[in-house]
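Thank you all for coming; I would like to go through one structure with you this morning. Please have the sequence and the model in view while I talk.

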Amino acid sequence: MIQFEIRQFELYYRDLWEWAADLLRDPRLFPHMVFDAQRFSKFDGKTFVRFIDEPFTAETFWNVQSQLPPGGKPLAFVLYADKTRLSSFGTARGYPVVARLANLPANIRNGQGVGSGYVVGWLPIVKEDRDQAGKPSWVNFKNAVWHESFSKILSSLALKSHTGQWFDCPDNVPRWFFPIILILSADYEEQCIMSLIRGIKCLWPCPVCLVPHNELLNTLKCYPPRTATQSQEVVKAARAEATAEEKEEKLKEYGLRDIMNAFAAMMHTDVHDALSWDRLHFNGGLYRDHLWAELQKIVVGLGRAKVAQMDKKSLRSIPALAKLEALSSCYEHLFADGSVYEDISKMVVYAAHAILTEDDSPLGYLLLRCIRHFLEVDAYAALEVHTTETISAGRHAVQAFSTYLQQYIEKSADESDKNWNFPKLHMSVHIFDNIEAKGATRNYNTKPNERMHGSLKDSYLLRTNFRDVAPQILHINHWQVVAESIRRHISDLDEYESGGSEDSGDLEDLGDVDDLVSPDANAPHVRLGSRQAAQTFELIEDAHKEDAAFTNFRVKLNNFLTDFLQVIQLPLPGGKRVQFKASDKITECRFLKVNYESLVDWRLHTDYLRCSPKFFNAARFDCVFIQTEAKVIFGRLLFLFECIVGDITLSLALIHPFDAPTGVRLRKDKHLNIYRVRARPRAQAEFFSQGIQYAFDCIPSSRLPLSMPGYLHAALQYRQSMTATTKNLLAAAAPGASEQGFHPVQGQQRFAGPQNNRIGQNLAQAKPMGGMVPPASPAMGGPMKDQKDVKPIMINNPSGIPEGSPHNAPAAPGHPTPNTINSSIMQSPAPNGTPSVPPASNPLSVGNHNRFSSNSVLTSTQRVPPSALSFHDPQSNPPIIPPNFSLHAYEYPTNETGQFDPSLSDLPTHLIQTSCNL
C-alpha cells in the first residue's frame, strides 16, 4: 500500500480581478488603456509598412479578440514569477509574482507608481529533502505545489475568461471583458515550471517548440511549436496507459510531466505561446557566460600587456555616454547586475579590435566578429518599434550570428571546453516570432520585474524581524502603493492650485542644469543651460591660449556673424560689420539639451550633452551629429555660448569637425562594421548656430543645427519662397481657420487645438469587431487591400469634403455630429510632425478608443514628396508645393453591401486628416 504524506504550504495572493478593476476605475489610467486590437502602417515613400510596438498592435491580441463574441474586449495580463535571495548574507528567499496590464502602454506598464508592476502573490518555496532530492517524484511534487498555488492566484480570472465580465468603465460605457494571460515573463528555469517540461536534460528542452536536445546549437533551423492543446492530449494519453512505466515513457517522448497545468483553466490562453524570449537573461546566459568568458580567456592568453591594454587603456578611452556604465576595469570583477555586462558588450568591440587582430589571434578575431553579430541581433531585439523590414533584418542578423558562431565553435573545439548546446542560445530562434506575436521585447523583458526585487529586499533588511517575513514584506509593499497613490493625488492638487504650470524643461537629476535659455514652449529643439558668469573676449582667449581652436576667436566670430546676418537678411548693428571688442562679454554655457524625432519610434527623444572642463571632476566635451548642407558629420563640442548682436541674442557653438578624409576602408572595419572618422586640425574648428528663433521663426527645427552654408541656404529658401504664402496656403486648406489660430512653433506652422502625444494617434488604426474575421494582411497570410480603396482627399472640391466621406453621413445614434473637414486639420505634434486625432473623435471621457470597426480596412499614413501634391494659392497663378505634406487616409466602416454604416463604429469616424508641415 502506498503511503502518502500530507504537507502544507502557505500561499499569499491578491485577487487579480479586483486589482485590474482598480486600474480600470482609475480616472488617470483609464484614458491610456486600449481594449481593441490595432494594426498600424506607415508610408515609407513607396509602400505602406506595418509597424508593431505594444501588445495590442501584435498578432496574438488580434487573434484573441477575433475569437471573442461580438463586443468582447480582451483584458490582457502580463505575469512574472521568479525566486530571489532576500539577503546576500543569509539563506532567506522569496518567490514574488508580479502582474501588469498589457492594455496600458509600455511607458506606464513598465514604469513606476500606479499602473506599473504590482506584487499579487508570494509563492511557497519547497525546501529540499535530502532523502528525496533528485528523484523524479520529488521534482514532480515541487512542480505540483507551484501549479496548485498558481491556480489559486488565477482563480478569480478562470471563470471570467470563459463567460466574460461586464464592467462599468469611467466613461459610463459598460464593456464586456475577457481576461487572458497574454505574456508570461520569466527566465528559463521558471519557463520550464510554467510549461511543465522536464528541463534542460529532457529530449525536448525548449518550452516553446519541439527542438531535439542535441539540436539546440542549430539556430538556423525552425521546429514545430508546442501548443497547450497538444500537451494536454499527451498527458491525457499517458494517463490512459496501463502501467506507470508506459505512462512515463509516453511523457518522456514530449518531455512533459504528469501534472495539471494551472493555465489550462484560462480560456484563450496558451501557456507555450505566452512564454516569451527574455533579453535580460539572453545577455546574461549567452554573452556573459559564453562569449565574454571566451574573449577573456583569449586575451589573457596573449599576455599581461594585452590585458592591461584592453582593460585600462582601451576601455578608459571610451567617452562617457548617458546610460552607459563607466568602467575602469572589467577583468578583475564579477558583476551581479546583468545590465553591466550589456554595457560591456557594447564597448568590447572598440576596446579589443586593436588587440585581437586577424594576424595575431585568428581565433580571437573570429570571436570578435561573432560578438559584433551578437550586438546586431541584440540591437534589433531592443527596438521599441518594429516594422516588417526590421523584423526581416533581425531574422537575417540571427542567421549571420549563428553562422559565425558555429564556425568559431568548430575551430575552437580543441582549445575550449565550453558547452554551446544550451537552451538560451536556441531561444534566439524565437525572438522575432515573439515580436510579431506580442510586440516589442520590452513588453516581456524581465528587467522591470527584477528591478522590483530591490524594494522587496530593502523591506526585508530594514523593516522585518527576519521571521515569517512574507506577510511583513507584502504589508510594506501595500503601504508603499498606498503612499504612492496619496502622493499622486497631492501632486494633482498642487498642479491644479498652481494653474497647471510646468517647469521649463522637465529636467531631473541633471546636476548643474539651470537657467535654461529659451524656456518658452515655442523654443527650437536645441536649448542651452548651465550658464556661467559673463566673461570678456580677452579673458576667454587668455584662458584658452594654448588651444589652437581659440586662436583669433573674436576675429573669427566677427567674420562669421557679419556674413551670417547679411545672408538671412537681418540688419547689421549700425549698418556696419560686426566688431566685438576685447572688453565685450559673452556668456558661456556648459549644457546642451537636444530634442529630436527618433528614426526608430518617431517619438520625441532628448539627449543631454556636456561641454564642460570640469564635470564630476573630469573634463567632458561630448560629440555630436551635425547636419550640413551636404551630409551629416561628426564633431566635438568645444565651447557653447550666447552673444548679443544689436537686439538679437544668438546661441552659438564652437565645434571641432570630424570630417577629414579617412582613406580606403579597412578590411577589419568591414568585418566588424566599424565606421571611422578623422578630425580636422584643431585650428580649423568652426562656429555653428544653435538656432535663431528670435530672428526668424519659419526655419524648421529639423534643420537645426546646420552648418553655415546649409543653414543659409535653408533660410533663403524659406524666407523667399514660403513666408509670403504660408498663411494663404493654410487658409485655403482650412477656410474656417482664422489668422489668430496660426502660430509658428519649432519651425512648424500649426493650428491651435488639443494635442494628443500618443504614438499612432495620427496613424490609421483598425480592430476586429467582435467575432468578425480580421482584415487580410501580409502578416495574416493574405494580401493587403489595394490602395485604390482608400478615398483620397480632393483639395479642389468646393465643399472641402471628399466624396463619400462620413462627414456627409448622418451621425450614429447617441453620438455627436461627425467632424467637418475644418476640424480635422489639427496642430502637429512636435515629435513626428503629423496631425493628431480630431478632438470630436477622441473625447476625454473615452480615452484612446477611437478604433475603427470594419470588416475590411486599409489604414495608413503616408508622407508625400513635394512633387506629388500641390495646393493652389488664390493669390498666385503657379501652384504652391509644400515641402512636407502629410496625407492621412482612413477608410470608413462598411456593412455587407459595401455601404457606409456608422453603427459599426464605436465613435464618430473621419476619413481624411491633412496637415502642412512648413
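Predicted model: local features only at pLDDT ≥ 70, side-chain atom pairs only at ≥ 80, totals over all residues.

How many aromatic pairs does the structure hold? There are 39 aromatic pairs, where rings of Phe, Tyr and Trp (for Trp, its six-membered ring) pair if their centres lie within 6.5 Å, with planes under 30 degrees apart counted as stacked, over 60 as edge-to-face and the rest as tilted. Residues are numbered from 1 along each chain as its sequence is written, and side-chain values use heavy atoms, with hydrogens and water left out.

Among the pairs is the edge-to-face one of Phe51 and Trp602, at 4.9 Å centre to centre and 75 degrees between the planes. Phe51 lies in strand S3 (residues 48-52) and Trp602 in the loop between strands S14 (585-597) and S15 (604-612), so this pair ties together parts that are 551 residues apart in sequence; strands here are DSSP runs of E of at least two residues, and helices are runs of H or I of at least four, numbered from the N terminus. Both Phe51 and Trp602 are buried, meaning under 20% relative accessible area, with exposed meaning over 50% and partly exposed in between (1.4 Å probe, protein chains only).

Trp166 and Trp176 make a stacked pair, because their ring centres are 5.6 Å apart and their planes are at 5 degrees. Trp166 belongs to strand S9 and Trp176 to strand S10, 10 residues apart, and Trp166 counts as exposed at 53% relative accessibility.

Six strands form an open sheet with mixed pairing, in the order S1-S8-S7-S4-S10-S9, where two strands pair if DSSP finds at least two bridges between them. Its edge strands are S1 (12-13) and S9 (165-168), each pairing on one side only. S9 pairs with S10 (residues 174-185) in the antiparallel sense over four bridges, and Asp168 has Pro174 as its bridge partner in S10.

Finally, the cysteines: how many disulfides does a search of the whole structure find? The search finds zero, a disulfide being a pair of cysteine sulfur atoms within 2.5 Å. The sulfur of Cys209 has its closest cysteine sulfur in Cys206, at 3.7 Å, which is too far for a bond. Cys209 is buried at 2% relative accessible area, whereas Cys623 is partly exposed at 36%.
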